[in-house]
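Hello,

Here is the structure I promised to pass on to you. Have a look at it first, and then read my notes below.

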Amino acid sequence: MQQWIINEDEKQPLDLVIANAGISGGTGGSGEGEEQARRIFDVNVAGVLNTVSPVLPRMIARCTGQIAIMSSLASFSGWPGAPAYSASKGAVRMYGEALRGAVAPYGVKVNVICPGFIETPMTAVNDYDMPFMMSAEKAAYYTARGIERNQARIAYPFRTYFFAGLIGVMPAGLSSLILRKMPKKPAQ
């Protein structure tokens, strides 16, 4: 990945890089195994770093560029039905939000994208209600608009974002009670 990004950047300096690495697992009632959790972290966190790390110093040297990092609304709290997914997306969100402030003085923009439930093959396997489900086309529109406006956090749909943020700021005991009632993602 590093060599490919550097090669592409040498052909034509990259002005926008979207780091979108993500898989989910699922507990399916039996818990999440170590191997599954490690794979989720490897893809979701290391995948973002593998995309951002090669281009970031080059953008800083040019004093221009934009990096958009894909997180999730699951990043605002620990979802018992998807522990590694929510934790990995939390790590990615915090990394992106901190990176935004760190590289702003060098003219590099960073955005963090936090979608809710989007109609994709990843959500198609879920056999439970996913409130405020959004089409991939609508999500792409909100993402592109947020990147164009250089929003620090691009989160949608708003109602899901509101509830995810609210649960994320609740005392842990209360949020745990609420989140325990959420359905579990099917084991994969």
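Helices (H or I, at least four residues) and strands (E, at least two) are DSSP runs, numbered from the N terminus. This is a predicted model, where local features need pLDDT of at least 70, side-chain atom pairs count only at pLDDT 80 or more, and totals for chains, interfaces and linings use all residues. Residues are numbered from 1 along each chain as its sequence is written, and side-chain values use heavy atoms, with hydrogens and water left out.

Let's begin with some backbone details. Most residues other than glycine have a negative phi, and most peptide bonds are trans. N150, in the loop between α5 (136-148) and β4, has a positive phi, near 55°. C63 also has a positive phi, near 60°, and lies in the loop between α2 (34-62) and β2 (66-70).

P157 sits in the loop between β4 (153-156) and α6.

F158 belongs to helix α6 (residues 158-169) and counts as exposed because its relative accessible area is 59%.

Happy exploring!

How values were computed. Buried < 20%, exposed > 50% of the residue type's maximum accessible area, 1.4 Å probe, protein only.
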